[in-house]
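I would like to walk through one model, and please stop me if a term needs its cut-off.

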Amino acid sequence: MNEPAQSDAERKMQFLYALRSKGVTDARVLNAMEAVDRGPFIRGLFAERAYEDMPLPIACGQTISQPSVVGLMTQALQINPRDKVLEIGTGSGYQAAILSKLARRVYTIDRHRRLVREAREIFDTLDLNNITAITADGSHGLSEQAPFDRIIVTAAAEDPPGPLLAQLKVGGIMVVPVGQSDTVQHLIRVRKTADGLEYDEMRAVRFVPLLEGLGKDT
Ligand code: SAH
C-alpha cells in the first residue's frame, strides 16, 4: 500500500522536530536549517529521502552528513555573525550552506574537483554569495585566508590536523571527528585560548576518512 503523500509543510515540521529531538536547540541554527532546503544537495536516486535524518550517498563515493549531526556540529561552533569560517570536506555543500547563513564568510575545501564544481552551482542557484569553494587537500588548511574564527572538519582524522589548529584564532573553536575510519569516532571540540588548547569530547559519529592529496572524480 502506498503511504499518503506528505505536504512540504509536514515534511519540514518533521525535519525540524527530528533535529530538536536529537539536541539541536539553538534557535539560530534551527532557523538556518529551516532556510536551507537539503533537497538540491542530493542528486539522483536518493533525492526523495532528503528530508529524513539520515546520511545519504553523493558523488565520488562520499556522503552528505545526517542533518542532526550537521546541526550539532554547527551548534557546537557557536558562530557569530562576523566570523570567518573554514570547512574541510565540502561534499554536497549542504553544511557550507548552513554555515553561510550564520557567518560573514565561509571557505570550504574538498579534494574532489567534481564535488566542488557541483556545490558551487548550487551556491550560485541559491544566491549564497559568501561561500568560496576550493579544490585542494584541506588538511593543510588555507594559509592565505588564515586565521579563522571557526573551523569545521567533516571527515575523520586520527588527530586534529596541526596546520588547522595553527590557523585557528585565539578565542576560536574547531569541531572535528577524531578516530580511525571504520571504528568509533568522536566529535571533538577544540577551543584555542591564550593559554593553549582545550578539548572536549562530544558524541560518537561515523564520517568518511580525511585522505591525503586530490581525489579521482567518479
Ligand atoms: N560536509 C559535507 C559532507 C562531507 S563528506 C556535506 O555537507 O555534504 C566528507 C568530504 O571530505 C568528502 O567529500 C571528501 O572528499 C572530503 N575530504 C576527505 N579528505 C579530504 C581532504 N584531505 N581535503 C579536503 N576534503 C577532503
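I will go through the cores, then a helix, then a single residue.

First, this is a predicted model, in which local features need pLDDT of at least 70 and side-chain atom pairs count only at pLDDT 80 or more, while totals for chains, interfaces and linings use all residues. Residues are numbered from 1 along each chain as its sequence is written, and side-chain values use heavy atoms, with hydrogens and water left out.

A nonpolar core here is a set of buried Ala, Val, Leu, Ile, Met, Phe, Trp, Tyr and Cys residues joined through side-chain atoms within 4.5 Å, where buried means under 20% relative accessible area, exposed over 50%, and partly exposed in between, with a 1.4 Å probe and protein chains only. The largest such core has 48 residues, and F41, Y94 and F123 have the most contacts inside it. Among the elements that each supply at least two of its residues are α1, α5 (113-125) and β7 (168-178); helices (H or I, at least four residues) and strands (E, at least two) are DSSP runs, numbered from the N terminus. Apart from this core lies another, of 16 residues, including I109 and M174.

Turning to α3, eleven of its eleven residues are buried, so this helix is largely enclosed by the rest of the structure. Just after α3, Q78 takes a positive phi of about 45°.

Finally, E10 sits in helix α1, residues 8-21, and counts as partly exposed because its relative accessibility is 43%. E10 and S92 are 82 residues apart in sequence and 24 Å apart in space, C-alpha to C-alpha.
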